[in-house]
Amino acid sequence: MLNKVLIANRGEIAVRIIRACKEMNIKTVAIYSDIDKDAMHTRLADEAICIGPADPRKSYLDFKNIIEAASITGADSIHPGFGFLSENSRFAKICEESNIKFIGPSYKVIDLMGNKSNAKELMKKAGVPVIPGSDGSIKNIDEVIEIADKIGYPVILKAAAGGGGKGIRIVYDKEKLEENYNIVKQEAKLSFNDDEIYIEKFVQNPRHVEVQIMCDEHGNVIHLGERDCSVQRKNQKVIEETPSTAIDEKLRNKMGEAAIKAAKAAGYTSIGTIEFLVDKDKNFYFMEMNTRIQVEHAITEMRTGIDIVKNQIRIAAGEELKIKQKDVEFRGHSIECRINAENPSKKFMPCPGTITGLNLPGGNGIRIDSAIYEGYTIPSTYDSMIAKIITHGENRNEAISKMKRALEEIVIEGVDTNIDFLFKIIKNPNFIRGNFDTSFIEKEILKKEE
């Protein structure tokens, strides 16, 4: 087992990892920027070390400072959480070269699956359904035009190294193709320092359904069911749930088998997620693989009773999975709402500031993952997500009822939040009926408010 884990992250995911380590009797090291000196993760860890100023490029994204912090504190491993360096193959390689265990897949696999066009080609060869489009990255606008004419409009242009909703443009006709091609190339270069892009047929109004996988270093691969992440705004997830109302048991099994096939084709170890799009005819297509823990992992934990973070750490330590596919039990329904410090009425403008009053909901079937406390100052430098509410019920209606109660109970004073916006979604008749897709927020919530 690992002896001391440095968490190369902040906020609620750092807190989540520290708690798992404490329960496993593993020492922890928190890193922090000077603006995060009083953050909760620095208080909960066994040790805390400052690695630079607020600017993430000089702290949470600084390879050298993080490796030095691990060396100074004697950490034998690094957990990257999500975001920041979690899918950075160069950082994973530096950890390996520094004899520090990176709690995640190998840098080679991160590289392989991080390039979306290469990953798509691998999946195609493995027999996993993929969306029609280019074979790998596209070289020039002439090739884009040729492929678009072949697969038909609308098409979607994507950064090969993309993620987080960046470097994506939907094109509905030939006249706008070259303009959007140039925009995506530029965004890809600025955001990922890689201007490779690819083109796919745009699946209109799909469901976004992902499958959680766990793979050890001994060839064992299992899945923990699916999560529906269709309720999103500008490609950013807002509410997630499991199981999905969009698929039946037969399709669920097919998607689980495809996810396992995808992980084996990639030679994957650690925990990860295979993301699919499901169209109106119940066809599913591989979209991408996330080679890290995800924000929404908690709903899978609530439904299966399996601690994903602890298993990720055990896999990194070389242990064999104790769970076989037949051992995975799915119970009830779970939903997650992401609480952000933002103002939906002002185009979701981030709202940093000091929390002057706080009441977090509780009770049976409610879990809060957060790093906020009364008196805590939310910085303007980082992502605006400040908490996650996760509910679990015997069925979907009970999980929704618990979420309604939780959103009514929660009080966060001193900053604007999206709590009322989330409540509008949860009580929307189409959401309650499970009648939604990735365009739901735009069509059902935002347009009705105009």
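How far is the sulfur of Cys351 from the closest cysteine sulfur, and in which residue does that closest sulfur lie? The distance is 18 Å, and the closest cysteine sulfur belongs to Cys337, which is too far for a bond. The structure discussed here is a predicted model. Two cavities of 30 Å³ or more are present, and a search of the whole structure returns zero disulfides.

**Largest cavity**

- The volume of the largest cavity is about 60 Å³.
- Its lining is formed by Ala341, Pro350, Cys351, Pro352, Ile378, Pro379, Ser380, Tyr382, Asp383 and Ser384.
- Sorted by class, the lining of the largest cavity comprises seven nonpolar, two polar and one charged residues.
- Cys351, one of the lining residues, counts as buried at 9% relative accessibility.

**Second largest cavity**

- The second largest cavity holds about 40 Å³ of space.
- The residues that line the second largest cavity are Asp228, Cys229, Ser230, Val231, Ile239, Glu240, Glu241, Phe431 and Phe436.
- Two elements, strand S10 (221–233) and strand S11 (236–242), each give two or more residues to the lining of the second largest cavity.
- Of the elements, S10 gives the most to this lining, with four residues.
- By class, five nonpolar, one polar and three charged residues make up the lining of the second largest cavity.

- A disulfide is a covalent bond between the sulfur atoms of two cysteines.
- No such pair is found, as the search of the whole structure gives zero disulfides.
- Cys229, which is among the residues lining the second largest cavity, is buried, with a relative accessible area of 0%.
- The closest cysteine sulfur to that of Cys229 lies 13 Å away, in Cys337, so the distance is too far for a bond.
- For Cys351, the closest cysteine sulfur is likewise in Cys337, at 18 Å, and this separation is also too far for a bond.
- The cut-off behind this reasoning is that the two sulfur atoms of a disulfide lie within 2.5 Å.

**Cis peptide bonds**

- Most residues other than glycine have a negative phi, and most peptide bonds are trans.
- Tyr153 and Pro154 are joined by a cis peptide bond, with omega of about 0 degrees.
- Pro154 is located in the loop between helix H7 (141–151) and strand S6 (155–159).
- A cis peptide bond also runs from Thr242 to Pro243, where omega is near 0 degrees.
- Pro243 is part of the loop between S11 and helix H9 (249–266); S11 is also one of the elements that contribute to the lining of the second largest cavity.

- Asn25 is not a glycine, yet its phi is positive, at about 60 degrees.
- The loop between helix H1 (11–23) and strand S2 (27–33) contains Asn25.
- With 72% relative accessibility, Asn25 counts as exposed, the cut-off for that class being over 50%.
- Asn205, another residue other than glycine, has a positive phi near 50 degrees.
- Asn205 sits in the loop between strand S8 (197–201) and strand S9 (207–215).
- The relative accessible area of Asn205 is 40%, and Asn205 is therefore partly exposed.

Methods: Residues are numbered from 1 along each chain as its sequence is written. This is a predicted model: local features need pLDDT of at least 70, side-chain atom pairs count only at pLDDT 80 or more; totals for chains, interfaces and linings use all residues. Side-chain values use heavy atoms; hydrogens and water are left out. On a 1 Å grid over the protein atoms alone, a cavity is a set of points where a 1.4 Å probe fits but cannot get out, and a pocket is an open set with protein on both sides within 12 Å along at least five of seven lines; lining residues have an atom within 4 Å of a point. Grid points are joined across faces, edges and corners, and a volume is the space filled by probe spheres set on the points. Ala, Val, Leu, Ile, Met, Phe, Trp, Tyr, Cys and Pro count as nonpolar, Asp, Glu, Lys and Arg as charged, and the others, Gly among them, as polar. Buried means under 20% relative accessible area, exposed over 50%, partly exposed in between (1.4 Å probe, protein chains only).
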